[in-house]
Amino acid sequence: MLPRKRAAGEEVAGVVAGDSFLKKHRTDCLISSASEGVDNNHHPPSAMDCEANGNNPPEIDEDLHSRQLAVYGRETMRRLFASNVLISGIKGLGAEIAKNLVLAGVKSVTLHDEETVDLWDLSSNFFLSEDDVGKNRALACVQKLQELNNAVTINTLTEEFTKEHLSDFQAVVFTDISLEKAIEFDNYCYNHQPPISFIKSEIRGLFGNIFCDFGPAFTVTDVDGKDPHTAIIASISNDNPALVSCVDDERLEFQDGDLVVFSEVKGMTELNDGKPRKVKNARPYSFCLEEDATNFGPYLRGGIATQVKQPKLLKFKPLSDALRDPGDFLLSDFSKVDHPQLLHVAFQALDKFRNDFGRFPATGSEDDARELIALATSINESMGEGRLEEINEKILRHFASGSRATLNPMAAIFGGIVGQEVVKACSGKFHPLFQFFYFDSVESLPTEVLEASDLLPANSRYDAQISVFGSKLQRQLEEAKVFIVGSGALGCEFLKNLALMGVSCSRRGKLVITDDDVIEKSNLSRQFLFRDWNIGQAKSTVAASVASTINPSLHIEALQNRASPETENVFDDSFWEGLDVVINALDNINARMYVDQRCVYFQKPLLESGTLGALCNTQMVIPHLTENYGASRDPPEKQAPMCTVHSFPHNIDHCLTWARSEFEGMLEKMPTEVNNFLSNPAEYTSSMKTAGDAQARDLLERVVECLDVGRCETFQDCITWARLKFEDYFSNRVKQLTFTFPEDSATSTGAPFWSAPKRFPRPLQYTSSDPSHLHLVLAASILKAENFRISVPKWANSPGEFADAVDRVLVPDFEPRKGVKIVTDEKATSLSATSVDDGAVISDLIAKLEECSKRLPPRFRMNPIQFEKDDDTNYHMDLISGLANMRARNYGIPEVDKLKAKFIAGRIIPAIATSTAMATGLVCLELYKVLAGGHKVEDYRNTFANLALPMLTMSEPVPPKVIKHLDMAWTVWDRWAVHGDLTLRELLRWLKDKGLNAYSISCGTSLLYNSMFPRHKDRLDKKVVDVAKEVAKLEVPSYRRHLDVVVACEDDEDNDIDIPLVSVYFK
């Protein structure tokens, strides 16, 4: 069983919060059935049900939905909360769609299914178990589906569905319905007021389709979900058309036809009227306006152009019309350009076959295949100009034979896509699929011809899968040795998929999953194997336990080790050598690179995937067939120069980067430095004297400040510190900056210093009547008190009393100083200016530090605070967002709310369940190929998808680079092994026999031999392993039989030759 259901509103054990921080749970707006209190206006819903009923709208739990909010935003989430959805047909596809929508948080999901569970359902519907066989499918799924999100109402319909039911919903999805019924229901939805979004989707073996009809006039409010593009203006010409040149900070994202509005333009103020203007002749750093600017005032400086995103009106065709005239298909694989049209005919033929015979074509039946081909041929002839010139009978035979089967990977892929289409239908966010999508993965079939006898059912939960791939591949799946690295959102989906597929589900198979992380609340909106009572527990352990309830035969071991060089005693040579395949479910590049290196070293297939909001990608790394993951990498993200962040910000990202840096410096790094000093004063001061540079001086100044003027003994001291910090940050520093660089100052070339992208700042005047000022000081005071382990008095929760305490702080007058150096060099890596007397200053600071320490109580230690973004009660994001917004206010930059600040400063990776499910389904299609073996590189697929557009692009993986020398050739996948406890001289001779002149041999970071160094010749007759132990201080583990060395070689013509890693097997 999955973990038990927690009643709505039940308190989670171990969570303690003050009254002022308690959150309302979204339980007051639940409905008992889908037919009660339904708002039909859903394109998108104009108001929430609770608002319509006079109640407050349900609160969005930002701790739970933070990653999803980063993709959708609040307005889309509110529309989802108002939406009632029907899913008809709860086989594997229906179950996946339901899971994704319940995690997303729609108002209600109604499951319709009139049939009972059979064994074939167990290979694709993870809500079901063998105990459910014979029960109604919808009823059998309700309890486990409800556990995913108690705030969503789950209803069921088990009787025959009629069109009268449709008006209860904003969107309806049918996964197993005849074309006749589909046309009837779609026509009703199309003509309903307001129209009801209709989606029909099927998966038949390795084939699937989707049809969307959102009505005669559907408005897409946000086509791609991206923030509006902006540009910082450098100049504007008084021409017709006006030429707008922008700073070359970043390439422009504007396209011809975009609309932009201008703001903050000095001189040519006519452009600041808020009127959208059309872009033309867009270039990387300039564009023209469809505007005559000859009579405008002359441009002086400044200005920002901001894209105005336009809604898009789509006119869908009803299914009856679209079948005859489907229009353009969404194409996913350019090697299969003719497949969508063929499948458009094939699915209609299958519907006719089922209507005529009351069943699916029999698995492996040539007679049934011929019948379906004949039906397809007839339908194709009736298509007129859109008909195919030739019917591919081979594909139709595969289609017919596996048509009864619902495969889990296909369900995961289509469950992700359809789930996203429902979100679009309910919210208007992102561009809908318009209107047909067909997909197949026939290349996943085994390379050998399958006989009908191979496809016979075995009366097992895998019969659906056997009917497509045969019993031999099923055994290979069950006996596979698999390593999954990561147990987050991807890892949960992979575990579910593999359990349903039967991977590692025999005693000869084994699945190892590792993750060193624990479950947090924010995980629960995507990592669906976890429940709220699992918070704080190890991810891998909980995930493995729940996966075993999906398939009790799963042979799984859960570890809590990070896959890294430090754990190679756990994941040792024998572990890697015993694997059949590795599946990455990671969220960072460094870990991916390490696992990739190990897979290349041990020549193991690596199935890689990743997601970012509505985007997902997969990459197949197959030994000797494809390049490895590390062979190609995205360029690093551009970092803002240090001087920009600290003195010349021009966007909110700069302000938030500065704010987080200040938070960590003040509240974590400096208290840690203080504790380092107090733990061992002599060693600490000695290291500072040894360093003797500007960085050491700067560090000591901050430590002294912590223990001198910054030391707090009472909460009022903390308030004083916070108020003076406000004055320093947002008034004094700005006054000093504008004193050093007045508004009319010029650069050495005579150009205005404050030209774009620089923004001239204005100091802030603190006032307790400004809630943003007061709350910032409150947050800073509370966190400073935490640093010094000072209790926060109850009166701090009273705005009036706290304001009085702040106003009692004496703020000294500030006078700007001459000669202050402010870094303006964008290439500078430090803000500390080197001085000739750093050593003397450091000595004085050490003396002052030692004096401060004498005034401290015995065993005094500070309490460093580590930034935690996902706890809204800890004041961390209150301080960071407050610091950033006050800085933005200094520079006239638009401010952001705490949630947006949390996304940026917390570096939150946007994530939703739909793209995650899709990515893992695509990977599992490739897993069939890997475990079956014998597939060529052209059978494998790498994928990039954007569910927002939607776009799906599949391509053949890139083969590895081949290096040739004489009659030899090798790639990154090759590793040369030489057996015997060789000396360096013997190793050189072994390479010489290959026509290679080795001049350098290294092990790790140590040089064992180089022909340029005469003393290295003394090592030639020593064993390689002994030299490594002596020079590299290498400790060879007892389980390791070999030593790896990197050898630099030349050919006889002195050309460098990159050779593979050389492994010397010394025992």
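# Close-up views of a predicted model

**View 1. The annotated active site, Cys643.** UniProt lists Cys643 under "active site", in an unreviewed entry. UniProt positions follow the numbering used here, feature names are shortened, and annotations may be inferred rather than shown by experiment. The model is predicted: local features need pLDDT of at least 70, side-chain atom pairs count only at pLDDT 80 or more, and totals for chains, interfaces and linings use all residues. Residues are numbered from 1 along each chain as its sequence is written, and side-chain values use heavy atoms, with hydrogens and water left out. Cys643 sits in helix α17, residues 642-647. Helices (H or I, at least four residues) and strands (E, at least two) are DSSP runs, numbered from the N terminus. Is Cys643 buried or exposed? Cys643 counts as buried, because its relative accessibility is 3%. Buried means under 20% relative accessible area, exposed over 50%, and partly exposed in between (1.4 Å probe, protein chains only). Leaving out residues up to four places away in sequence, Cys643 touches Phe648, Val823, Thr824, Asp825 and Glu826. Contact means heavy atoms within 4.5 Å.

**View 2. The whole protein, for orientation.** The fold has 29 helices and 31 strands. Its C-alpha atoms fill a box of roughly 95 × 85 × 65 Å along the principal axes. The radius of gyration is 33 Å; a compact globule of 1067 residues would have one near 31 Å, so the two agree. That radius is taken over C-alpha atoms, and the globule rule is 2.2 Å times the number of residues to the power 0.38. Of the 1067 residues, 55% count as buried. Among contacts with a separation of 6 or more, 73% join residues 24 or more positions apart.

View 3. An unreviewed UniProt entry places the domain "Ubiquitin-activating enzyme E1 C-terminal" at residues 940-1062. This span is 14% helix and 38% strand, and its end C-alpha atoms lie 30 Å apart. Arg1019 lies in the loop between β28 (1006-1010) and α29 (1024-1031). Arg1019 is buried, because its relative accessible area is 14%. What does Arg1019 touch, not counting residues up to four places away in sequence? The partners of Arg1019 are Leu984, Leu1007, Leu1008, Tyr1009, Val1027 and Val1031. Arg1019 and Asn1055 are 36 residues apart in sequence and 26 Å apart in space, C-alpha to C-alpha.

**View 4. Helix α26 and its cover.** Helix α26 spans residues 898-905. Its buried residues are Leu899, Ala901, Lys902, Phe903 and Ala905. Which helices are included in their cover? Among them are α2 (62-81), α18 (652-679) and α25 (876-891). Just after α26, Arg907 takes a positive phi of about 50°.

**View 5. Two cis peptide bonds.** Most residues other than glycine have a negative phi, and most peptide bonds are trans. A cis bond joins Phe434 and Gln435, with omega about -10°. Gln435 is in the loop between α10 (408-427) and β15 (436-440). A cis bond also joins Ala756 and Pro757, with omega about 10°. Pro757 is in the loop between α21 (715-740) and α22 (771-787).

View 6. Asn281 is not glycine, yet its phi is positive, near 50°. Asn281 lies in the loop between β11 (277-280) and β12 (286-289). Asn281 is partly exposed, because its relative accessible area is 38%. Lys1033, also a residue other than glycine, has a positive phi near 55°. Lys1033 is placed in the loop between α29 and β29 (1042-1050). Lys1033 counts as exposed, because its relative accessibility is 65%.

**View 7. The loop around Val518.** Where is Val518 found? Val518 is in the loop between β17 (510-514) and α14 (539-550). Val518 counts as partly exposed, because its relative accessibility is 36%. Not counting residues up to four places away in sequence, Val518 touches Asn523, Gly536, Gln537, Ala538 and Lys539. Val518 and Ser487 are 31 residues apart along the chain, and their C-alpha atoms are separated by 9.6 Å.
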